[in-house]
Amino acid sequence: MMAGDVWGKRWSNSTSEIARRYMEVACRKQSLVCLAADRNTMAGLFDLIESVGPHIAALKTHVDLVDDWDKDSWSKFCSAAKDADLLIFEDRKFADIGKISRNQMAGVYDIRSWSDLVTAHLISGPDIVDGLQAGWSDVGRSGGVLLLAQMSSRGNLLHPNYTDEVVANGCNHPGVFGFIGNGSRPDELAELRSKVGGEKMIWTPGVNLAVGDGEMGQRYGDSRGAVLAGSDCIIVGSGIHRSDNPEKSAKEYADAFWNALLERET
Ligand code: S5P
């Protein structure tokens, strides 16, 4: 299936090389699933990628929650992700001023050297995006920033006016790949999509085939609803990595979202 046929406007309006890469991977895998690989051992992470790799399009990491992290194992893990045709997305939620964010792309974890995407809050102002882009440039790489426009957790402080400012800023910045929206509330998501327009990506956590409340204030909504409301990628964590059969679950999520995308007027 050709990416242009499936993605419609999102494909034809996109000027981002990395967004096009994602749309192509999603077509090859017939999957809009980004796995939130929130396991805290390297062995657990390797198992996960081996069993679910074929059914997911991107891999979201929290590099700083792994108990036995070391540079060498991590680099093998990233190679395994690349072999599995996955974009690597470090969900670092950067929030500092531009120059510090640039330096935080280096350090022990050296996120700039292996991530294709990172998340950031725009609370400190738009220079954070330039800082993160400078981080990738420092090692001759490029990547995309996903700005948090909404969150899935209850009581979060990303109120509608804040969301609007994030969108207005981010839509005009070529370094911004897209936005994180709240997958648990399709009506809020549809509104976000109308503000974002047809070009930038919206990726959404807070989706689980079992809808309802998750742990510690996480909220879950229905997957088909999120894709029809304009989400381009569904971030699923525990629905897959805590399942008794992660491979089977990943395939179920992949099929559900893919069919919803084919149904969507893009
Ligand atoms: O608003 C948000 C933004 C993010 S990136 N809410 C979230 O839950 N996330 C991330 O998505 C969170 O850090 C976690 O890695 C994942 C959701 O995991 P799940 O187990 O609840 O599916």
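The largest pocket is lined by 31 residues, among which Asp38, Ser152, Pro205, Gln218 and Tyr220 lie nearest its centre; a pocket is here an open set of points on a 1 Å grid over the protein atoms alone, with protein on both sides within 12 Å along at least five of seven lines, and lining residues have an atom within 4 Å of a point. The model is predicted, with local features requiring pLDDT of at least 70 and side-chain atom pairs pLDDT 80 or more, whereas totals for chains, interfaces and linings use all residues. Residues are numbered from 1 along each chain as its sequence is written, and side-chain values use heavy atoms, without hydrogens and water.

The volume of the largest pocket is about 740 Å³, and its lining divides into 11 nonpolar, 14 polar and 6 charged residues. The ligand sits in this pocket, a placement that requires more than half of its atoms to lie within 2 Å of the grid points.

Oxygen atoms of the ligand lie 2.7 Å from a side-chain N or O atom of Lys60 and 2.9 Å from one of His62, while a polar side-chain atom of Lys93 is 3.5 Å from a ligand oxygen. Taken alone, the ligand exposes 490 Å², of which the protein buries 88%, as computed by the Shrake-Rupley method with a 1.4 Å probe.

Methods:
Polar contact = N/O pair within 3.5 Å; in protein donor to acceptor, adjacent residues only side chain to side chain. 1 Å grid on protein atoms, 1.4 Å probe; cavity = no way out; pocket = protein on both sides within 12 Å on 5 of 7 lines; lining within 4 Å. Points joined across faces, edges and corners; volume = space filled by probe spheres on them. Nonpolar A, V, L, I, M, F, W, Y, C, P; charged D, E, K, R; others polar.
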